[in-house]
Amino acid sequence: MSFLSRRALLAKTGYGLGAAALHSLLGAAPKAFPNFAPRAKRVIFLFQAGGPSHLDLLDYKPQMKSRFDEDIPPSIFGTQRITGMVAHQDRFPVVPTMYGFKQHGQCGQWLSDRLPETGKIADEICVLRAMHTEAINHDPAITFIQTGSQLPGRPSMGSWIDYGLGSENENLPAFVVLNSLPGNGMPDQGLLARLWGAGFLPSRYQGVQFRGGGDAVLHLSNPPGITREQRRSQLDGLAALNKRLHGQMGDPEIETRIAQYEMAFRMQASVPELVDTSGEPAHIHELYGEDSKKPGTFAANCLLARRLAERNVRFIQLYHRGWDHHGGLTEKLPSLARDVDRASAALVQDLKQRGMLDDTLVIWGGEFGRTPYAQGPSKADSYGRDHHGRVFSLWMAGGGVKRGFSYGASDDYGFNVAEGGVHVHDLQATILFLLGIDHQKLTYLFQGRQFRLTDVAGRVVKEILS
Amino acid sequence: MRGQFWFGLIAAAVCAGAEERRPDYGRDVRPILAENCFHCHGQDGKKRMAGLRLDVPGAALAKVSERISTKNAAMRMPPASSNRSLTDGQIATLKRWIEQGGQYAKHWAFVPPVRPAGDGIDFFVRQRLAAEGLKSNPPAAPGVWLRRVSLDLTGLPPAPAEIDTFVVDAKARGEAAYRDAVRRLLASPRYGERMAMDWLDVARYADTHGFNNDSARSMWRWRDWVIQAFNDNMPYNRFITEQLAGDLLPNPTLDQRIATGFGRNHVINSEGGIIEEEYRVEYVADRVRTLGMAWLGMTVECAKCHDHKYDPVTQRDHYRFYAFFNNLPELGEDGRVANAVPMIPAPTAEEQRKLAALDMAIAERAAKTEPKDLAAILVDAGTPISIDNPVPVAKHDPVSFSFRLQPEPENADVALYSSIDYGRNMAATTYGRGIELRLTGGEIEFRFADRLPAYSIRVVTDGAAIRPERMRHVAVVYEGAAGHPDAMRAQAAWVRMYVDGRELPTRVLNDDLAMPDAKSDKPSKMKLKPGEYKGRVAEPVFWTKALTAAEVRSVAGLRMVDIELEELRAQRLALARNVATVMVMQEREGKPRETHVLLRGQYNMPGEAVEPGVPEELLGAWPAGAPKNRLGLAKWLTKPDHPLTARVVVNRFWQQLFGQGLVKTSDNFGLQGEFPSHPELLDWLAREFIDSGWSVKGLLEKMVLSATYRQDAGGTKEAFARDPENRLLARGPRFRLPAEVIRDQSLQFAGLLKNQAGGPSVFPYQTKDLYKGIVVAADYPGTKWVESKGEGLYRRSLYTFWKRTVPHPTMTVFDAPDREFCIVRRSTTNTPLQALTLLNDPTFVEAARKLAERAVREGGASPEARLAFAFRVATGRPPDAAESRTLLDTFAQMRTRYLADEGAAQTLLAVGASPVVASIAPAELAAYAAVVNVILNMDEVITK
């Protein structure tokens, strides 16, 4: 019997959830996965929520420069689904980026001057410049990239991976989520717990949110007035009572519960130790930036991500909000870039200097890009852009991906895929592949159908594999 | 092998082994074919390979037999590329079936249930056990049974005194005592709340709209309808009918219209800039999905984009179901800050009583009215409205305006005063922004919009009857936010409309207008709209304040007034203005919306047009004479010979009591679903249910009084190994309690639970900054958790405000779903986060303190007696000697610690809003609380 069938059995029958939970939490990898040698052992997804503008950050379009305020030609515009936010506009005038681009590293990667620190890791990253998605609004687009479906109800990527691979740390969950708000105080669009939810998978596979303030994990701390020693003797008493019950009833679920209380007790020590970065040397804080000392910032979360990676947490999901720049992009984008540029680059450098970049996959990007045409009144140095899913950019580093590389290209307007298109399902298939998972084999039987993260699509982008 | 495996497990472990038996198509063969073959050789013509169908008779089966067992890997079926494979056992089963003639049979669930030979739950269970060579467990002790049945039927445990009484009664009266206990529980108002809990999952009930903005909605009147329906033991066929089509019943009552909220509980998207039709289509599809899951036990929605891969449901079938739900006057983008249309005012029983009393008083007074000539009130003259002097209207600020008008006959629906430019693109997010007063069918309509139609207040008078015959006086008052400092939206209830000096009742067409902060609240300039209205207008005036009723009378020149009558009318209007609304289903006026098959399920790719209808060949004929609408659909679903409805429903009630259905896949009775563990029992229950007049209480009574349910839940290691899931029912049910029950019983133990039924949802403890970093930045209702004060902290959990995108963690950690979609079965997991919650969440820490307090006051004098008291409250039984020792040892350690550090004791006792009892020494109380904290975490306490 393959493990998958045992998994399917466990999931279907509900039997031995205890055993399965232990399995998941205590880590032995299931036999069916990985399907082949993994290149990456873990993933850190630096998600930029709201839709960062590819045109102002990662996708250099010198051809647009001379075309300010020209209409996007119909041949380019095609059958673009326009959102209600620009539906009243009479025209869709080109607005080129106001930022300078230059080449970085030996590979000559073109990057915006808003990302100077990312320039320093140009030879480590692989930029995908022809990502595309079907959704044109936040909720469906972000749900799509995280769950493979535009509608709610499916498990998130981290849950799928936890379900397939399990944890390698007996003191921490396999799937951890860290959220941060932008420094400019304008977070705009909300997040949704379903983005780290388990969907129809058993709920133990849901991501555990580590929070910036208070308890890192909800209800992690003992109530005031109960010390760790007291808690130990409480749990000893509890274990004695539960063991006695198990002796009478024989239900294996009781044994599992006893084990879960012990795991909880260990988490109470391991999590605070993990989130306490005060022992990090000064040069590390300097690398990530001053914000890395402020809990709950993107920089602090990047540093935590490295610490989680060191502890073999499988899927580390960061969200940074505030990229939804319909209007005033030119005021907001620089501050968002400042929030994330240094820490993102620092994370890659830090992983590298620890020899962990080879087996850690870092991904940086959002749910879609932004339109080459202006939303609302525009000047050459003051404009906004609407949502754009037909092409956008994203970068990856480490974990078996080519270094100093770029793949795919948009057309002269940064509007459509010109070559090397990577659909959201392709990205998901590729991430699973790097973890040693055949995306067609990671399935779960729900309501009579074998579901998978990539639905009925997905192509591994072999061109970017190192 | 995976699809078939569960059966292999039980069959192989429990009987002599499936391999030895004559294969039954439905039980043994079809699941193998469905899992491994139908994908390419099933009913989906587009996917079919080699022209071969295996889902219906006719294939050359000898050839199949060869292909599944050939050693030639290239020839072998299923091919390796399919990621599917057959086990040796499955190959043997298929080959034997083919050798024995390859007989097909209609899928069992599509054949109407027939009353089997034999009677009673225990008969069928024992028959199966005997065949397996197993015996039932002995009955559980009476007190254990009482705890189990109380938790199952009311979601609350019995108090020790109730157990004592019952044990004595059971000894004296035997069966009669059991029956009476069940009837008492079924008669408790708590019963309806417990039953509603599961139905709220199925019906995807929540207090927010979901999606990005996830702002608040008001559907609690529907939730309370569900509770009442269960408490009244509404026949289940009516329960279905009223929720699907209450509005289409003859002369529907308010309750029947509220019931149709079932079809509106789906998520609704208010994200700016979405394409309306894309989402409206999703809402209709969600109703089909929910109908399929809730009552057909079928994944009908799988046929949204293509013919169903496994079940004989075509894409056309899907859109014929869809057509029943495709004619609502609803919008794709709606619900930004309040309910989405269509909605109705839904006064509570109490409010209905008050309204009726006022109506009577008004009628009485009107019959003997005594108008008096009132002295005019001095009202300042206001500012004349002109082109140069439009009315400035901001959402925060009060404003009143009045004018006289006498229309020409041709004013069917025209703008009078307006700041709205309708010349813009209707798809734009700013379409229709502004304020307007219209004359429409002789009524006055007030519009105040960010975007029409969804984001607006629209209020229309009811009974103005403004006709060409005479000049009338109109006054409109918008109160503004002055009296409502915390309002997060501008509200229809702030609008008053007067004709000839008298306030008129109004209908609210839309009530969904977000409130900006005062800084960005720019007034909209409303002026006479030229061109549309034809007729006379005189004396247009406005005031930057809200005129009172008396002031309006003066302005209108209404002098002869019966003040008492006017006050009664004003009271009624005020009451009606503030009743909660509920979203409902209703049919659009005029020609029904056409339904098309949507190619690949895409909203913008209509294919063939279809009429409402059901797969009659598969699931039974349409009832003669039934209308082709939702009411007819309900009649079809509740036909006594419908193959699925009753089976699906009784199976779900069985699941509620036994932890899993007789059909384990309670969400799927189709070809991919599991074969029932006790097919005859399922059919017997379905027939009993129908023949009893669909009585839910009757059904549950049979189940909980059965010997099967009453068994002891324990077992040997071998017993658990042999039948880990208890599919054969040789043991009583034992599984962890649902999230809601875990919290509710803790509150009950503590004496904190407030048993008040119904009403708006409440906000108990939730970690303060939980929403930080997650919820949308805009300050919509539902984006802040403002903790309830007093009783709201201690209501049953089904009344906790349910925010879809961030549901309450104490619920989700114990496997409650997010309610974005219909769910008929929760998973039951066992995780360290559950341990952390039960140990440290203030809800449970406070409950431990309050139960400790009870133990000290009510439990006796010695620590031993007090701890035994708390233990018994929580488990329903006294501790034995070993348990007592454990409790006492732990107590001694806690006590030593708190005697040494009274400050620590006090901080522990300070958790929670309930006051700390001063009469008990803090160190003592804290020590007891710490031990009760342990007790509340016992597996036995959170398991039924």
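A: In this predicted model, helix α17 of chain B, residues 549-556, lies across the strands β5, β10, β12 and β13 of chain B, and α17(B) runs at about 150° to β10(B).

Q: What order do the strands have in the open sheet of chain B?

A: The open sheet has 6 strands in the order β3-β17-β5-β10-β12-β13, with antiparallel pairing.

Q: And which are the edge strands?

A: They are β3 (383-384) and β13 (502-503) of chain B, each of which pairs on one side only. For β3(B), 2 bridges join it to the antiparallel strand β17, residues 535-543 of chain B, and B:Pro384 stands opposite B:Val541 in β17(B).

Q: Switching to chain A, is helix α7 buried or exposed?

A: Helix α7 of chain A, residues 157-165, has 9 of its 9 residues buried, so it is largely enclosed by the rest of the structure. Among the buried residues are A:Trp160, A:Asp162 and A:Tyr163, and α7(A) is followed by A:Gly166, whose phi is positive, near 75°.

Q: How many residues does the contact take from chain A and chain B?

A: The contact takes 83 residues from chain A and 91 from chain B. On the side of chain A that touches chain B, the largest share, 12 residues, comes from α8(A), while by class that side has 36 nonpolar, 35 polar and 12 charged residues.

Q: Where does pLDDT stay under 50 in chain A?

A: It stays under 50 over residues 1-30 of chain A, although chain A averages a pLDDT of 91, with 93% of the residues scoring at least 70.

Methods. Residues numbered from 1 in each chain as written. Chains lettered and ligands numbered in written order. Predicted model: local features only at pLDDT ≥ 70, side-chain atom pairs only at ≥ 80, totals over all residues. Contact = placed C-beta atoms within 7 Å. Helix = DSSP H or I, 4+ residues; strand = E, 2+ residues; numbered from the N terminus. Nonpolar A, V, L, I, M, F, W, Y, C, P; charged D, E, K, R; others polar. pLDDT = per-residue confidence, 0-100. Buried ≥ 20, exposed ≤ 12 C-beta atoms within 10 Å, placed from the backbone. Pairing = 2+ DSSP bridges. Axes fitted to C-alpha atoms, helices over the stretch in contact; angles between N-to-C directions.
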